[in-house]
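Please examine the model below.

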Amino acid sequence: MNLWKVGFFLLAGSILAGIIYIIVMIGGVADSEALPKAKEIPSTASVLTVQSTKKDLEGIANSFIYRAMEEDMDIQLAVEDEIILSSELIVFSYRLPVKMHFNPVVLDDGNLMLKQSSLELGQLNLPPSTVLKVLKDSSKLPPWMIVRPKEEEIFIDLDDLPISGDLKVRAKEVNLKEDEIILEIVIPENMGGK
């Protein structure tokens, strides 16, 4: 057999093995990390209820995301009738625009769970769990944003938001279709240093 043919088949086999390896690494979704336990609200704490709008929530969320991102990855959050996270993924030196659509769910402990409803990734048709895995693995997200690819959701740990002093935020209701967002600000009794 000709050496050129052997070289060609070795090169083709190596490229095919590399592509299969990349597909397996991207496609394999590992178990998600456990969700943190909610912190107890002291019975002596005061609770301030705040009603907000989608526009207010969008501005606040983008402010927290911007301050928390340690690298130049551009993630924007839009609040419409659902929550939309927009970013770019770099795949083989190409920038692919990605839009992930989520429905917010208020958990019993006042934290938020964003359940993925749909996905737009350039012209590619990838499963949402794969895109969430790539997002989780390719960027350093804030500690209060826990991506769970297998469950196709993002957990927002409101207990962990970096807010002034010992203030805590809890979600009470998030109804985007009616533009009704109710949050609770928990103020500990000893906030004034007494």
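The questions and answers below go from the overall fold to single side chains.

This is a predicted model, in which local features need pLDDT of at least 70 and side-chain atom pairs count only at pLDDT 80 or more, while totals for chains, interfaces and linings use all residues. Residues are numbered from 1 along each chain as its sequence is written, and side-chain values use heavy atoms, with hydrogens and water left out.

Q: How many helices and strands does the protein chain have?
A: Helices (H or I, at least four residues) and strands (E, at least two) are DSSP runs, numbered from the N terminus. From that end the elements run α-β-α-β-β-β-β-α-β-β-β-β. The secondary structure comes to 3 helices and 9 strands.

Q: What percentage of the residues of the protein chain count as buried?
A: Buried means under 20% relative accessible area, exposed over 50%, and partly exposed in between (1.4 Å probe, protein chains only). Of the 194 residues of the protein chain, the share that counts as buried is 35%.

Q: Which residue forms a salt bridge with D81?
A: A salt bridge is a side-chain nitrogen of Lys or Arg within 4 Å of a carboxyl oxygen of Asp or Glu, and by this rule the count comes to 5. For D81, the closest N and O atoms of the pair are 3.4 Å apart, and the partner is K54. The pair links distant parts of the chain, 27 residues apart: D81 is in the loop between β2 (76-79) and β3 (83-91), and its partner in helix α2 (residues 54-68) is K54.

Q: Is K54 buried or exposed?
A: D81 has 45% relative accessibility and therefore counts as partly exposed. K54 has 18% relative accessibility, so K54 counts as buried.

Q: Which residue in strand β7 is tied to K115 of strand β5?
A: K115 forms a salt bridge with E153, with 2.8 Å between the closest N and O atoms. The two lie in β5 (residues 112-121) and β7 (residues 153-156), so the pair ties together parts that are 38 residues apart in sequence. K115 is partly exposed because its relative accessibility is 37%. At 5%, the residue that counts as buried is E153.

Q: Which residues are linked with E153 in a network of salt bridges?
A: The side chains of R148 and E153 meet in a salt bridge at 3.0 Å, N to O, and both residues are buried. The network links E153 with K115, R148 and E151.

Q: Which residue in β9 stands opposite N175?
A: Strands β8 (residues 168-175) and β9 (residues 180-187) run antiparallel and are joined by 7 bridges; two strands pair if DSSP finds at least two bridges between them. They form a hairpin with 4 residues between them, and D179 in the turn has a positive phi of about 55 degrees. Opposite N175 stands E180.

Q: Which residue has a backbone nitrogen reached by the side chain of N111?
A: N111 is found in the loop between β4 (94-106) and β5. At 1% relative accessibility, N111 counts as buried. Its side chain comes to 2.7 Å from the backbone nitrogen of L158.

Note on methods
Polar contact = N/O pair within 3.5 Å; in protein donor to acceptor, adjacent residues only side chain to side chain.
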